[in-house]
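I opened my notebook today to get to know a new structure. Come along, and keep the picture in view as you read.

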Amino acid sequence: MRNIDIAWIFYEMADLMEIKGDDFFKIKAYRSAAKTISRLNQPVEELVRRGVFNKIPGIGKAINAKTREILETGTCRTYQELLDQVPRGLLEIRSLPGIGPKKARILHQKLGVTSLEELEEAAKRRLVRKLPGISAKTEHEIVRNIRSLKEGRSQVLLGLARELAKELVEYLENLPEVARAEIGGGTRRWKETVSDVDIVAAADDVNGVLDAFTAHPRVTKVLQRDSNRIQVNTWWGVPVDLTVVTVDEFITAWHRNTGSRKHYQHLSLLAEEKGFKLSHKQLVDAYGRELEVQDEEDIYRHLGLEYIPPELREDNGEIEAAQTGTLPRLVELEDIKGDLHVHTNWSDAAGSLEEMVEGARKKGYSYMAITDHSGSLKIANGLDAARLKKQVKEIEKLNQQFDDFTILTGVECDILADGSLDHEDELLAQLDVVIASVHSHFQQDKETMTNRIISAIEHEHVDIIGHVSGRLLGRRGGYELDVERVLEAAAKYNTVMEINSSPDRLDLSEENTRLAKELGVKVVINTDAHDLKRLNEIEYGVAVARRAWLTPDDVVNTREVEDLLKNLK
DNA sequence: GCCGTTTTCGGCCCGACTGTTTTCAGTCG
């Protein structure tokens, strides 16, 4: 059991107990334990073995015992009992906007619905509006939300897709009959969401590999099996598509599998114009000779092109640029010198100041900004002026320990409803990095929200605008916002726009990042990490930047600290 | 459920909005 699997069970138990109507604080205890477990750096199994697991704050007798039970049996009795009492479908109903635990329970008790389908049916028969606290208007909303949920359900977030893909590829690589296995498709191109996970493997014994693959514990169902390809369903409902080819065909097959379809079609056309023929099996020249393909670079080289990295393969002009040798030198993970958006346990994160700094140093960064929440964000234990000043002092002290690393002082300051900031100007002026973000009043109209954010952009001490659209992928779209006006203002006032790397945000989106570059806006790639592990999510933000054709010069945190500070206000 | 050199019981939990309401419960970030 991985930590995330254990945490998942506790999260689900909390959700089930909530619908059941259990004690608020008990539910809270389960959620906090789940959160703690998901943020641990070491496997729970090892911590249990060393006898230190139950010493972790928030892990008491009961959760410790259940964790041990889960480690041994893969589940626990209380969890199974909860599942017997509360139909799992209610969790989906509960996830509809405006439906909380109480309404989910009433819907179940009064109408007997146990799934989204049954609820939709009941709503169509106008039974839902008869319930207390639910009007005809809400009933319509329910139907609308169920429909949009069903449409969105087919999309998988990149973070989940990559995690699953990496695990499966590693499994395949360890099979003796597999010579090579790689992630393909949109997951390899780092698309923000994908319809499935594509994997390509090279092996002679195709059937042996397909059999072994179906035996993997993450595989829940075989959807379709052909001679060299299998489609399965896995945990969390993510479909996976595995293609097995011979070693000789691997590169051409992997290249085609990676796509995108439009990129590949364009390349094939280009090949035809030269009299070549590109297929998933080989590349043949005008004389019918098979050209040597050792890696993907060879394919592009034979076609007279610069190598095109997977992130650019969308037929957005990359082939034309590769023909003329004008592809940009894309920003890379190694270019990033520091993270400018990091939280600590001073507000709502898991790690201490020292731990986060150590994590950043281990990543090879030369600086990091500590940017905890500001006071009005009560739920995140935001820092008021006094605590922020105290933190600044602490950082100054800690900074003296290092001569090769700089901790920058900072804040993620709330942009209040009227566009003003949550700290006094005088205090903001003393900080190295001021990020301004929206965390409240999401329902303002487009004009108000746009002006609100522009007020922050114009502010003399605001260096960066955090996660500008406010979207949470798969959960909520952003608020109403005129992004173009916002970016124009950012260009004018020299305010940097953040690419928030969190896989459920990716905000700036790829599209908005492109627009930012067009308008001459500088960008920073940040993690917004709330624990050590999530410092690694920087790769997702780098991927967004790459897909938007950004070079190191477009990204301020590719610079050394002195140069960086010159580029901030 | 977790926590505790003031407590082994009684705290833990914030503020705003929204919709359905005649005074507020439920939801959300």
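**Entry 1: the model.** I began by noting that this is a predicted model.

Entry 2: I looked up the second largest pocket and found a volume of about 720 Å³. Its lining is made up of 27 residues, and those closest to its centre are Asp 198, Arg 256, Asn 257, Thr 258 and Arg 261. I then checked which elements give two or more residues to this lining: helix 11 (185-188), strand 3 (193-194), strand 7 (239-245), helix 13 (250-258) and helix 14 (261-273).

What is the lining like? I wrote down 14 polar, 9 charged and 4 nonpolar residues for the second largest pocket.

**Entry 3: salt bridges.** Next I turned to charged pairs. Side chains of opposite charge can pair when their charged atoms come close. My count came to 38 salt bridges, and I picked a few to follow.

**Entry 4: Glu 192 and Arg 471.** In this salt bridge, the closest N and O atoms are 3.0 Å apart. Glu 192 sits in the loop between helix 11 and strand 3, and Arg 471 in the loop between strand 14 (464-465) and helix 21 (483-493), so the pair ties together parts that are 279 residues apart in sequence. Are the two partners buried or partly exposed? Glu 192 is partly exposed, at 24% relative accessible area, whereas Arg 471 is buried, because its 13% relative accessibility falls under 20%.

**Entry 5: Glu 447 and Arg 485.** I found these side chains meeting in a salt bridge, with 3.6 Å from N to O. Glu 447 belongs to helix 20 (residues 446-458) and Arg 485 to helix 21; they are 38 residues apart, and the pair links distant parts of the chain. Glu 447 is partly exposed at 47% relative accessible area, and Arg 485 counts as partly exposed at 29%.

**Entry 6: Glu 537 and Arg 534.** Here too I noted a salt bridge, its closest N and O atoms being 3.0 Å apart. Glu 537 is buried, with a relative accessible area of 15%, while Arg 534 is partly exposed, with 30%.

**Entry 7: a network.** I ended with a group of residues. Arg 2, Asp 5, Glu 163, Glu 167 and Arg 218 are linked in a network of salt bridges.

Definitions and conventions: Residues numbered from 1 in each chain as written. Chains lettered and ligands numbered in written order. Predicted model: local features only at pLDDT ≥ 70, side-chain atom pairs only at ≥ 80, totals over all residues. Heavy atoms only, no water. 1 Å grid on protein atoms, 1.4 Å probe; cavity = no way out; pocket = protein on both sides within 12 Å on 5 of 7 lines; lining within 4 Å. Points joined across faces, edges and corners; volume = space filled by probe spheres on them. Helix = DSSP H or I, 4+ residues; strand = E, 2+ residues; numbered from the N terminus. Nonpolar A, V, L, I, M, F, W, Y, C, P; charged D, E, K, R; others polar. Salt bridge = Lys/Arg side-chain N within 4 Å of Asp/Glu carboxyl O. Buried < 20%, exposed > 50% of the residue type's maximum accessible area, 1.4 Å probe, protein only.
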